Amino acid sequence: MKLWKNSASLILVAGKRFNVGSGEVTQSRTKLKLFDDGVDQPHLPASALKFVGGQKYERSNYKVLLLKRSNKSSFMPSVHVFPGGVIDRADYSDEWLDILNPKDFEAFSDIRGPRPPMTQYKSKTAIPPDVAFRICAIRETFEESGILVSNESSTASKPMDEDEITSWRNKIVNNASEFISLCKMRNIAPDLSSLYEWANWLTPSVAVKAGDKNGIPGVYPKRFDTMFYIACLDEIITVNHDEKEVESSKWFSPVNALAANWSRDVVLSPPQFYELARLANFPSLLPLKQFVQERQKDGCICYYPVTIKCTDGYSTLYPGDDLYPSDPNLTTEEVRVVEHTVMQSAQSCKNINRTVFPMTQEQCSISNVQDCGHPCPAEFIVKAHGVVCEKLLEKHKSA
């Protein structure tokens, strides 16, 4: 019996101009208005800013799409996530050969680094996993946000209005093969080449909740092995979320998303926090796009979080951390107990790659481990975290 489902997620990054037209991504530059003043002042207190290196904390000129899951969701209710979902048989359908050119598939396997096990599955169709997961990410993004990442030929089609997006969304939710019908009808193709392989996360067997005072980690009711891709858009696209799986949506700069999590306005799961902290290293869209495009060739490894209980909270460990097991049990990894605080445990290690959950504070990702060409979570985030949490603690005590 398989204990998790394979899925794909798309980290949508967009330059901070706002397209007021369709959610369909095209090359059109018509009907544009300025989304904001072109800069994004991080929502952190001045006392935190002084710890931040100036050039690394430049105002971001791009934002990342986060969707707030419904509070009725059976998995991570009310949590802000990147668009994505479970792969479907239709994503492997040979019908995609009527739309996609198989010669283009070779580029997705031109990776010199390690590959996650889920990408090594031997497909029973002509659609390899690296293609199917990209199709899945684009399909699920359309279902949840109304944004359709398609190739340039989409400019030949009239943009979809809200009613048409809703109509196709309902069809695709009920039958994923309708995504193929949509592409054929509109004479478009999912723009697979714009999705750059970024990361792979496997849901752990136990859940850690920030601020948990019971000392007992929970159990995830569902688990997913998820491929994460990054797509860089020139401008922010109107979001038309589905009102069922998704409660609301917002475009955030990476730093502001993390700050909103610390102020408890936004709930982030560890993968989202960790990847946003990685993106915080890049204040500009063009260098980020160039980096992710080149880094893709280095592949990625599976991040399976392993939990340790500390005297004042928890830490989830990732590959490369000194305390990460050499052969983790992917089925029922036990929670280890260490007689240190979360920060004492981290400081005792030479190689650190983890997210810490102090009971009285919010999470923070700490790492000096670089794998597959990835940047570590931005160092200034860790420095700012301590100051922010001190301010929050003072605020709660005085409330």
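**Figure 1. Contacts of Asn6.** Leaving aside neighbours within four places in sequence, Asn6 touches Val86, Ile87, Met118, Phe133 and Asp225. Contact here means heavy atoms within 4.5 Å. The model is predicted: local features need pLDDT of at least 70, side-chain atom pairs count only at pLDDT 80 or more, and totals for chains, interfaces and linings use all residues. Residues are numbered from 1 along each chain as its sequence is written, and side-chain values use heavy atoms, with hydrogens and water left out. Asn6 lies in strand E1. Helices (H or I, at least four residues) and strands (E, at least two) are DSSP runs, numbered from the N terminus. Asn6 counts as buried because its relative accessibility is 18%. Buried means under 20% relative accessible area, exposed over 50%, and partly exposed in between, with a 1.4 Å probe and protein chains only.

**Figure 2. The chain as a whole.** The secondary structure comes to 9 helices and 18 strands. Of the 399 residues, 56% count as buried. Take the contacts between residues at least 6 apart in sequence: 76% of them join residues at least 24 apart.

**Figure 3. The largest pocket.** Rolling a probe the size of a water molecule over the atoms shows where empty space is left. The largest pocket has a volume of about 940 Å³. Of its 49 lining residues, Arg69, Phe75, Gly84, Gly85 and Phe224 are the closest to its centre. The search runs on a 1 Å grid over the protein atoms alone; a pocket is an open set of points with protein on both sides within 12 Å along at least five of seven lines, whereas a cavity is a set where a 1.4 Å probe fits but cannot get out. Lining residues have an atom within 4 Å of a point. Grid points are joined across faces, edges and corners, and a volume is the space filled by probe spheres set on the points. Elements that each supply at least two lining residues include strand E1 (5-15), strand E5 (62-69), strand E7 (84-86), strand E9 (196-202) and strand E10 (224-233). Helix H2 (129-145), helix H3 (162-174) and helix H6 (270-279) also each supply at least two. By class, the lining has 27 nonpolar, 11 polar and 11 charged residues. Ala, Val, Leu, Ile, Met, Phe, Trp, Tyr, Cys and Pro count as nonpolar, Asp, Glu, Lys and Arg as charged, and the others, Gly among them, as polar.

**Figure 4. The second largest cavity.** The structure holds 3 cavities of 30 Å³ or more. The largest share, 3 residues, comes from E9. By class, the lining of the second largest cavity divides into 4 nonpolar, 2 polar and 3 charged residues.

**Figure 5. Helix H3 against helix H4.** Two packed helices are described by the angle between their axes and the distance between the axes. The axes of H3 and H4 come within 8 Å and cross at roughly 140 degrees. H3 is therefore oblique to H4. Axes are lines fitted to C-alpha atoms, for helices over the stretch in contact, and angles run from 0 to 180 degrees between N-to-C directions. Angles under 35 degrees count as roughly parallel, over 145 as roughly antiparallel, 65 to 115 as roughly perpendicular and the rest as oblique. H3 brings Glu164, Trp168, Lys171 and Ile172 to the contact, while H4 brings Glu178, Phe179, Ser181, Leu182, Met185 and Arg186. These residues divide into 5 nonpolar, 1 polar and 4 charged.

**Figure 6. Helix H5 and Arg264.** In helix H5 (residues 254-262), 9 of the 9 residues are buried, so the helix is largely enclosed by the rest of the structure. The buried residues are Pro254, Val255, Asn256, Ala257, Leu258, Ala259, Ala260, Asn261 and Trp262. Just after H5, Arg264 takes a positive phi of about 70 degrees.

Figure 7. Asn187 sits in the loop between helix H4 (178-186) and E9. Asn187 has a positive phi of about 55 degrees although it is not a glycine. At 57% relative accessibility, Asn187 is exposed. Cys372 lies in the loop between strand E18 (364-367) and helix H9 (379-398). Cys372, not a glycine, has a positive phi of about 55 degrees. Cys372 is buried, with a relative accessible area of 15%. Pro204 belongs to the loop between E9 and E10. Pro204 is buried at 13% relative accessible area. Pro204 and Glu333 are 129 residues apart in sequence but 8.1 Å apart in space, C-alpha to C-alpha.
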